[in-house]
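Please consult the sequence and the structure shown below.

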Amino acid sequence: MSQSRITRRGALGAAATGAGVAALPAAAEAHRGHGRRRSLSADVVVVGAGLSGLTTARALRAKGHSVYVLEARDRVGGRTWTKHVRGVPVDFGGQWIGPGQTRIAALAKAVGVPTFKTYNTGLNVYQRLGTLKTYSGAIPPAEPAAIGDIAVALVALDRMAKEVPLDAPWTAPKAREWDSQTLETWKLTHMTTDEGRLLLDLGIEAVFAGEPRDVSLLHVLFYIHSAGSFENLINTAGGAQESRFVGGSQTVSKRVAAKLGRRVLLGTPVRRIVQGRRGVTVESDHAVVHARYCVITAPPALAARIDYHPILPAVRDQLTQRMPMGSVLKVHALYDRPFWRDTGRTGQATSDTGPVKVTYDNSPPNGGTGVLIGFIEGEEARKWGPRPLAQRRAAVIAQFAKWFGPAAGSPRAYVEQNWMEEEWSRGCYGAWAPPGVLLDYGTALRKPVGRIHWAGTETSTEWCGYMDGAVRSGERVAAEVGALL
């Protein structure tokens, strides 16, 4: 799930049902501004202390530039958030790392955060039309016609994706055709079986936290190309869900922030940015920072909520009006031990029926506590999100019991994270483009506006939407601004 989301004018909202604040450890405690607003100055002010913003600040500091990072939340990490539940580190946000995600891997190694493999030994569960089947490998035991249908579709999508330039998807030879339809339109035209279409739907929901009817075909193709293939996006072994971070993914951000120290200001939402001939002034609740340049790492929808003077160019502002965040709740059930492993189950389930349609074994590396994780995504999230917690919990636990046995019906704890309600995200995993957006507004995604530069995983050309994309965007914008300095 990917990184930091901050800024905006007024009151945002999006991410944590029943979730408190995760403070930095004493060694990494960043300054919190209170009382009268302080006046500060630096070469660069970064808006957002997620992986993108912290990477930007780290790279600029390494070159000797002065930096302040302003973060709206009372914690660093953005859309990565690790909390301890019954003594177990539980990732409420982005958590996985896979092959090819070299920049997040390098950053984690640099700050001493190791990884371990997602539990993937045994049989997965597949539910369709009320019937349960178990299987091994990456392909559910669908009907042969459906297997052929989805296989042909994935080959076609991968082939088309290779025609999409990563730095400018809107220049693809068929960009107008592809950006004038949703993936749903393409699916209905090119796939013939209900079950094959279901399998594609489940993959899209898992990647975008949205429905095929929501997302531009061109954006999906760009996303596939940015990860190398569709299977890279959805697979566990060899894919984006292959490994996790020991102690939780937020540990990476905490350790980077610890090195930056008092340069990171928490609880400091940015309200207004004023540009002048010689610099930029960033106004937050507790500090006013005067800098030569500003880097904004919030996703487009949240970046739009800052008050800009002068106002943003029309194309940039219209872009931010058109890139929504995904809809997702992430749920965890904790047990005394991962009992499903005793019966040869991986803890991974896929279902045609909600609220949860995808699960994983999210237990700690020693397996001492059993943790099942489930995702309520897209339409299911929009439907179940407003319902009472007790109703949602009962439905989720009933599903877990159906898939993994009666023991799953009595968890020690149940916790969830509604990213749609979290104030400084308003959704996850990232922003996506409906039809027409990349074609008409894509050029504004990374183009600086005067002294304001844009980062965040949504701006990455590789592993867009992932933690790796966030780190890459921070490295890119640090080089961009560093060259100007």
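The largest pocket has a volume of about 980 Å³. Among its 45 lining residues, Ala138, Ile234, Asn235, Thr236 and Tyr360 are the closest to its centre. The model is predicted, with local features requiring pLDDT of at least 70 and side-chain atom pairs pLDDT 80 or more, while totals for chains, interfaces and linings use all residues. Residues are numbered from 1 along each chain as its sequence is written, and side-chain values use heavy atoms, without hydrogens and water.

**Largest pocket**
- A pocket here is an open set of points on a 1 Å grid over the protein atoms alone, where a 1.4 Å probe fits, with protein on both sides within 12 Å along at least five of seven lines; lining residues have an atom within 4 Å of a point.
- Elements that each supply at least two lining residues include α3 (144–161), β17 (345–351) and β19 (370–377).
- Helix α6 gives the most, with 6 residues.
- The lining comprises 27 nonpolar, 15 polar and 3 charged residues.

**Second largest pocket**
- This pocket holds about 170 Å³ of space.
- Its lining includes Trp178, Trp186 and His190.
- Two or more lining residues come from each of α3, α4 (175–178) and α5 (183–190), and the largest share, 4 residues, belongs to α5.
- By class, the lining has 4 nonpolar, 4 polar and 4 charged residues.

**Helix α15**
- The 18 residues of α15 (residues 467–484) should span 26 Å at 1.5 Å a residue, which agrees with the 26 Å between its end C-alpha atoms.
- Buried residues (under 20% relative accessible area, 1.4 Å probe, protein chains only) in α15 include Met467, Val477 and Val481.

Methods. Expected span 1.5 Å × (residues − 1). Buried < 20%, exposed > 50% of the residue type's maximum accessible area, 1.4 Å probe, protein only. Points joined across faces, edges and corners; volume = space filled by probe spheres on them. Nonpolar A, V, L, I, M, F, W, Y, C, P; charged D, E, K, R; others polar.
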